[in-house]
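The sequence and structure come first.

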Amino acid sequence: MKRLGISKADGQLRVALMNQRKLTEWRSQSEASEALSGAIFYGKVANVVPGIQSAFVDIGRDEQAYLYVDEAAPPPSKGKPAKRSISACVRVGESLLVQVIKEGTETKAPRLTTRVSLQGRLLVYLPPEGRGTGDEPVSISRKIRNEPKRDRLYALMSSLLEQGEGAIVRTEAAEAEEEQLMREWAFLRRRWRDAWQAVKGRKAPFRVSTGDALIEETLRDFLSAGVDEVVVEDAALFREIGELMQVLFPEELPKLRWHREKESLFDQWGVREQLAAALQRQVPLAGGGNIVIERTEALTVIDVNTGAFLGKGGQQREQAVTAANLEAAAEIARQLRLRDIGGMIVIDFINMREEKNRERVLKALENALSDDPVPASVLGMTSLGLVEMTRKRTRASLSERLTEPCSCCEGSGRALKIEEHFQYLREDLAALARVQDAEAALVELSDRLFAYWKREQAGGSEWPLDLYVCKAEEPGGERYRILYAGSRKEAERLQLSHAK
């Protein structure tokens, strides 16, 4: 059973996809993290670098984003290829409407395009403000091969277009009713016009808000992949998602459920423990083996190990090794998706002697990757027995999102971000407030967490119950301990006692 869980608290939206109780994908977004894939900005060109055919654009973030020439210039006319120059497309100081097509990482800036689009389930809306002059007004998915259907969709969308607009018709639209297509088109157009009207006249840079892109992307990706249930924890978010599904996924509404139990949704599903496991380099396999995942700047290397092997050699060994590799192939596909690993990947499966078994493992890997919404390609096996593959890099990896370089080891290792420590503390306190009816808690914080908490208090941070804090006696480390939860009076007394 596939279940999609969505939760929102303290300005952070979190999404978990579970398949047979296993965490398959994790997406999160905080209000401070605006430069996500699909976000639209009105930016200002800060620098043009002809040598790399790119421009750097100020979008109002700490770091500038980059715009490559192929994403800046309108496409050349058919049959007339033209050499493009970034200097001819943009100039320093110019204001541009841009959209993030690849999220930034710790080492790379977000990547932009000037061809802005609003994604729907059946259609993609291309606003007049973001269309290239050479773009076709209506594009139909190549996977729709039936000519009468293509003609019908082209005629319908052409009749709906206004001056300067464009549309892309997705594959799912092939069987859709005209009323459904028109309703979605009106929804996307209205959303864009409201957003653009709200920012007209403002000076760049700023973000053009067009709804919650993460929620819509999540619903598009997962509902079309056969999710059996959509479980939402927050009441306001439940209503918002219900209204969105009414427009984009009306037939999927029976799958929507509001989680109203005392235990939090992700605690109930064991998400925290599975996320912690996904940050480890070694992943155990049910059959006794394991895989080891090592990331470098250029690529990711995955090693498959048998663990405690009991075979006696010969055909028995070949069968056991093949079984271990088949199990590893399925787990590798899951880990790549869960950890958001992109780029070049090399897998060292356990050596198999028979060609048919090597082909079985490659096929199993390809099948396991087919459920992943991010494109991946298995390139084959090298003469050394290494499997080469690629997976498109669309966002920062799970490790980059949840951890930061560790100051204790000068960057050779990683530690959980302070914000994640406090998110866990907040969840633990909320659980105590629900289960024990506690009104206050005394918490012990390490030096670094204590300093962060002091800064947060200055900003008026809110907690699920009254919080009394003391600093840990032992310096160093990053941890918290809940020393007491209960009455306000007792928590205050214990804090004063600890201070003495």
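The model is predicted: local features need pLDDT of at least 70, side-chain atom pairs count only at pLDDT 80 or more, and totals for chains, interfaces and linings use all residues. Residues are numbered from 1 along each chain as its sequence is written, and side-chain values use heavy atoms, with hydrogens and water left out.

Helices (H or I, at least four residues) and strands (E, at least two) are DSSP runs, numbered from the N terminus. Two strands pair if DSSP finds at least two bridges between them. Strands of a sheet pair through backbone hydrogen bonds, either parallel or antiparallel.

Strand β14 spans residues 229-232 and is covered on both faces. Glu229 and Val231 on one side, and Val230 and Val232 on the other, are all buried (under 20% relative accessible area with a 1.4 Å probe, protein chains only). The pairings discussed here are listed in the table.

| Strands | Sense | Bridges | A bridge pair |
|---|---|---|---|
| β1 (residues 2-9) and β14 | parallel | four | glycine 5 and valine 231 |
| β14 and β15 (residues 256-258) | parallel | three | valine 232 and tryptophan 258 |
| β9 and β10 (residues 123-126) | antiparallel | two | leucine 118 and tyrosine 125 |

From β14 the chain passes through helix α5 (residues 235-248) to β15, a right-handed β-α-β crossover. Right-handed means that, with the strands pointing away from the viewer, the path from the first strand over the helix to the second runs clockwise.

**The four-strand sheet**

Strands β9 and β10 belong to an open sheet of four strands with mixed pairing, in the order β9-β10-β12-β11. Its edge strands, β9 (118-119) and β11 (138-140), each pair on one side only.

**Cavities**

Rolling a probe the size of a water molecule over the atoms shows where empty space is left.

Two or more lining residues come from each of β2 (12-19), β3 (22-30), α6 (265-269), α7 (271-278) and α11 (418-435). Helix α11 gives the largest share, four residues.

What is the division of this lining into nonpolar, polar and charged residues? Six are nonpolar, three polar and five charged, where Ala, Val, Leu, Ile, Met, Phe, Trp, Tyr, Cys and Pro count as nonpolar, Asp, Glu, Lys and Arg as charged, and the others, Gly among them, as polar.

Key. Buried means under 20% relative accessible area, exposed over 50%, partly exposed in between (1.4 Å probe, protein chains only).
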